[in-house]
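Thanks for making the time this morning.

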Amino acid sequence: MSSPIRTVSSIGIMGFGAFGRLMARHLQPHFALQVCDPAQPPEPDPSGKGLRPADAAGVAACDLVVLAVPVPAIPAAIAALRPHLKAGAVVLDVGSVKIGPARAMQESLPADVEIIGTHPLFGPQSARGGLAGLKIALCPIRGRSTPRIAAFLRHVLKLRVVVTTADAHDREVAMVQGLTHLIAKILVRMEPLPRTMTTASFDLLMQATEMVRYDAPNVFMAIERANPHAKAVRDRFFALAEEMRLFLENGDLQRADGAAPPAAGRRLAV
């Protein structure tokens with residue numbers, strides 16, 4: 001592999017949706033940005049170090065390239081960038097799942113390109129007050145640039161960095177994001193919900209729902225369908241919900257699979 005680029009002076013962003021715009025706002029004071037998104041091209045911005053619209057070749061010519069596209073669009077983005085990437089460049093994605101994107105990048109990007117899987121554990125709603133204290137997961141895949149990128153994220157953007165593997169990330173996120181988004185989707189379907197006589201706990205639940213309510217549909221589908229560990233979490237959740245339904249209807253805590261009721265003296269924690 002070619003030597004890594006020691007100093008990142010330019011960043012290319014492939015995709016300028018809600019998260020691409022969020023990234024650009026926080027990176028622009030520090031780097032020259034090239035952004036490619038034919039569907040919603042950015043306006044040139046002279047503030048900071050500048051933001052310029054570019055094509056795939058312009059993005060790929062940067063020192064660091066961010067794939068800020070929906071997870072299903074990552075292979076097409078890689079195909080557009082691949083012929084133009086320079087040796088030693090760092091390519092990272094920001095998808096909500098990591099196993100599939102990591103595999104796609106390993107298989108399709110040139111061997112002389114470094115690869116890091118990332119997942120900012122926040123979105124435009126939760127980052128409205130700034131990035132300080134929010135979490136980002138880094139999954140080193142190929143190359144040696146993870147420590148210096150982690151240092152920038154910690155010391156400059158003030159993020160809390162979690163270094164992990166793609167599989168460990170997806171296992172935890174299947175529960176953390178999978179259940180949050182699933183419950184939020186169901187609550188939205190139950191509207192109108194009370195807004196006057198609410199408790200503090202209900203208000204927090206609604207606050208969590210509002211944080212993900214307007215996420216693009218592809219985000220929900222990636223979290224629930226592209227994560228290989230998500231189905232097991234969903235199945236367990238629905239099985240426990242059915243167990244609870246049977247308990248409330250029958251007065252006995254019985255498992256949905258027909259198992260015997262709990263031993264005498266055991267109580268349901270509520």
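This is a predicted model: local features need pLDDT of at least 70, side-chain atom pairs count only at pLDDT 80 or more; totals for chains, interfaces and linings use all residues.

The largest pocket has a lining of 48 residues, and those that lie nearest its centre are Ser96, His119, Pro120, Phe122 and Gln177. Two or more lining residues come from each of α1, β6, β7, α6, α7 and α8, with α6, at eight residues, giving the largest share.

Turning to the second largest pocket, we find about 410 Å³ of space, lined by 26 residues, of which Leu27, Ile149, Phe152, Leu153 and Leu157 are the closest to its centre. Here α1 gives the most, with five residues, while the elements that supply at least two residues each are α1, β4, β6, β7 and α5. This lining divides into 21 nonpolar, three polar and two charged residues.

Let me come back to α6, and to how this helix packs against α9. The axes of α6, residues 166-189, and α9, residues 230-250, come within 9 Å and cross at roughly 55°, and the two helices are therefore oblique to each other, in a crossing that is right-handed. On the α6 side the contact is made by Ala174, Met175, Leu179, Leu182 and Ile183, which meet Ala230, Val233, Arg234, Arg236, Phe237 and Phe238 of α9. Taken together, the residues of this contact are nine nonpolar and two charged, with no polar ones.

Terms used: Residues are numbered from 1 along each chain as its sequence is written. Side-chain values use heavy atoms; hydrogens and water are left out. Axes are lines fitted to C-alpha atoms, for helices over the stretch in contact, and angles run from 0 to 180 degrees between N-to-C directions. Helices (H or I, at least four residues) and strands (E, at least two) are DSSP runs, numbered from the N terminus. Angles under 35 degrees count as roughly parallel, over 145 as roughly antiparallel, 65 to 115 as roughly perpendicular and the rest as oblique. A crossing is left-handed if the near helix is turned anticlockwise from the far one by less than a right angle, and right-handed if clockwise. Contact means heavy atoms within 4.5 Å. Ala, Val, Leu, Ile, Met, Phe, Trp, Tyr, Cys and Pro count as nonpolar, Asp, Glu, Lys and Arg as charged, and the others, Gly among them, as polar. On a 1 Å grid over the protein atoms alone, a cavity is a set of points where a 1.4 Å probe fits but cannot get out, and a pocket is an open set with protein on both sides within 12 Å along at least five of seven lines; lining residues have an atom within 4 Å of a point. Grid points are joined across faces, edges and corners, and a volume is the space filled by probe spheres set on the points.
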